Structures are given as structure tokens and as C-alpha cells.
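Thank you all for coming.

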Amino acid sequence: MGSGISILGAAERHFAAEFNRLQKMRGQNYLVLSDLRQIQPMEGMQLDLTHLGTMFVLDRDHDGRISLDDLMKFATFCASKGKDCQPHEFQLQMQGHCTLSMYDTLSAAGIDIFVAWFARLFGEDFATYTFEEYPGVEFMIRDVAHTMHDMFQINDNYGYDMQSFLDLIQRTGEEMGIMSLQDERLDDLVPVVVLEKLARAFAEGLLALLARLNFAPEPA
């Protein structure tokens with residue numbers, strides 16, 4: 001695909017230009033999840049920044065905010081890992097490297113770090129809503145479920161289309177006693193705690209799968 005130096009230069013220029021474009025639109029010095037979905041692809045180098053493992057590596061301090069420095073460090077990561085890839089292999093190879101990097105982190109630090117990051121990632125991008133009838137329960141709009149459905153590839157991996165996935169989230173909330181399906185105010189809302197439970201289940205499944213495939217975390 002080219003030398004690490006050429007990849008690094010191209011990635012740094014592209015990420016800096018996209019950061020500046022999106023940062024000016026948002027008016028703050030960091031990007032959030034919805035901004036990553038708007039980053040234009042690099043010419044000759046496909047890379048999906050909304051891939052879950054990729055976002056986890058990109059957001060180095062896992063605060064749900066992507067800084068310019070995060071993007072520059074990620075450009076270095078791309079250059080080091082992608083220098084021997086063919087162009088058509090680059091995206092898949094990077095997703096693999098990022099997934100294994102996330103696996104290493106979760107194996108060493110525990111799944112709680114993933115769940116907390118996941119909550120921050122969406123919390124930076126979506127407002128929360130509360131109701132007196134459901135004390136201590138935060139809700140987000142159903143768009144969060146749409147995004148999560150795409151990120152976790154729910155349809156491909158678990159066979160739930162978007163409406164079925166939304167129904168599952170809301171039914172789980174009712175079974176937990178934290179919402180009522182009869183309350184029309186909640187028709188387009190989902191409880192945050194259920195999203196966190198799903199994120200935890202996903203991370204547990206990922207660790208179990210890679211362990212069964214005999215992947216061992218890299219030494220620190």
C-alpha cells in the first residue's frame with residue numbers, strides 16, 4: 001500500500017482537514033459520534049471510523065470526545081499497522097487490529113471500562129430525559145438504538161431488524177420495572193441502563209469468542 005511515512009502524511013492531512021471542517025460546524029474543539037459518521041473517506045484508503053473497535057482505539061482516553069490529537073495519534077497507528085497492506089485490504093486489516101487492541105485493553109482492565117466508554121460516547125452526542133414517575137432512570141431518543149443497531153451489526157449478528165431491536169430494548173426496560181410500555185411519552189425513548197446492559201453483553205461475548213479462538217492478549 002505504501003510506506004508508513006506516506007500513509008502517515010496522507011492520514012494526518014486528511015484527518016486535520018476533516019476535524020477543522022466539522023469542528024467549525026459544531027463550534028467546539030472536539031468531535032463526537034455523529035461527527036465521525038460525517039468524516040469523508042480518504043482517497044485510495046477506505047477506513048470506517050464508526051467501526052466499534054476503531055472508535056475505541058481512536059478515543060484514546062475513552063471520554064467520548066475525539067480530539068485532533070486523538071486523530072493524529074490514530075494516523076500514526078494506521079501508518080504502523082497498514083504499511084504492508086494492499087489498498088483493498090486496508091479497512092478490514094485495520095478493523096482487525098483495532099478489535100484485537102480493544103480485546104487487549106478489556107482483558108487487562110475489565111469490561112467496565114468498555115461500558116463506561118460506551119455511555120460517554122452516546123452521552124456526548126444525545127440528550128437525556130427524566131420523568132418524575134421513573135426516578136433515577138435516564139432515557140435517550142430512539143436514534144441511539146438505530147446507531148447501536150448499526151454499530152453492533154445487530155441484524156447480521158443476532159437477526160433483529162431495527163424495529164425488533166427497539167422493541168427488545170423497551171420490553172427489557174418494562175421487565176426491569178423502569179418504564180411502562182403503556183406510557184406514550186416513552187414511545188420514542190429508550191432507557192440508558194438497558195443500552196449499557198447490552199453493551200456489557202456485547203463485550204462479554206467478544207471476549208469469550210476471541211478466547212475460544214485462542215487469541216491471547218499481547219504482553220503489556
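Predicted model: local features only at pLDDT ≥ 70, side-chain atom pairs only at ≥ 80, totals over all residues.

Let me begin with helix 5, residues 90-109: at 1.5 Å a residue its 20 residues should span 28 Å, and because its end C-alpha atoms are 28 Å apart, the two values agree. The expected span here is 1.5 Å times one less than the number of residues, and helices are DSSP runs (H or I, at least four residues), numbered from the N terminus, while strands are runs of E of at least two.

Residues are numbered from 1 along each chain as its sequence is written, and side-chain values use heavy atoms, with hydrogens and water left out.

Which residues of helix 5 are buried? They are Phe90, Met94, Gln95, Cys98, Thr99, Met102, Tyr103, Asp104 and Leu106, where buried means under 20% relative accessible area, exposed means over 50%, and partly exposed lies in between, with a 1.4 Å probe and protein chains only. After helix 5 comes Gly110, with a positive phi near 95 degrees.

Now to a partner of this helix. Two packed helices are described by the angle between their axes and the distance between the axes. Helix 5 packs with helix 10, residues 192-212, at an angle of about 105 degrees, and their axes are 11 Å apart; axes are lines fitted to C-alpha atoms, for helices over the stretch in contact, and angles run from 0 to 180 degrees between N-to-C directions. Helix 5 and helix 10 are therefore roughly perpendicular, since angles of 65 to 115 degrees count as such, while those under 35 are roughly parallel, those over 145 roughly antiparallel, and the rest oblique.

On the helix 5 side, Thr99, Leu100, Met102, Tyr103, Leu106 and Ser107 meet Ala203, Leu206, Leu207, Leu210 and Ala211 of helix 10, contact meaning heavy atoms within 4.5 Å. By class, this contact has 9 nonpolar, 2 polar and no charged residues; Ala, Val, Leu, Ile, Met, Phe, Trp, Tyr, Cys and Pro count as nonpolar, Asp, Glu, Lys and Arg as charged, and the others, Gly among them, as polar.

Let us move to the interior. Leaving aside neighbours within four places in sequence, Phe152 is in contact with Leu52, Phe114, Phe118, Asn157, Tyr158, Leu198, Ala199 and Phe202.

Helix 7, residues 143-151, holds His149, which counts as buried because its relative accessibility is 10%.

Finally, a word on backbone angles. Most residues other than glycine have a negative phi. Just after helix 7, however, Gln153 takes a positive phi of about 50 degrees, and Gln153 is partly exposed, at 46% relative accessible area. His62, in the loop between helix 3 and helix 4, likewise has a positive phi, near 55 degrees, but His62 counts as buried at 11% relative accessibility.
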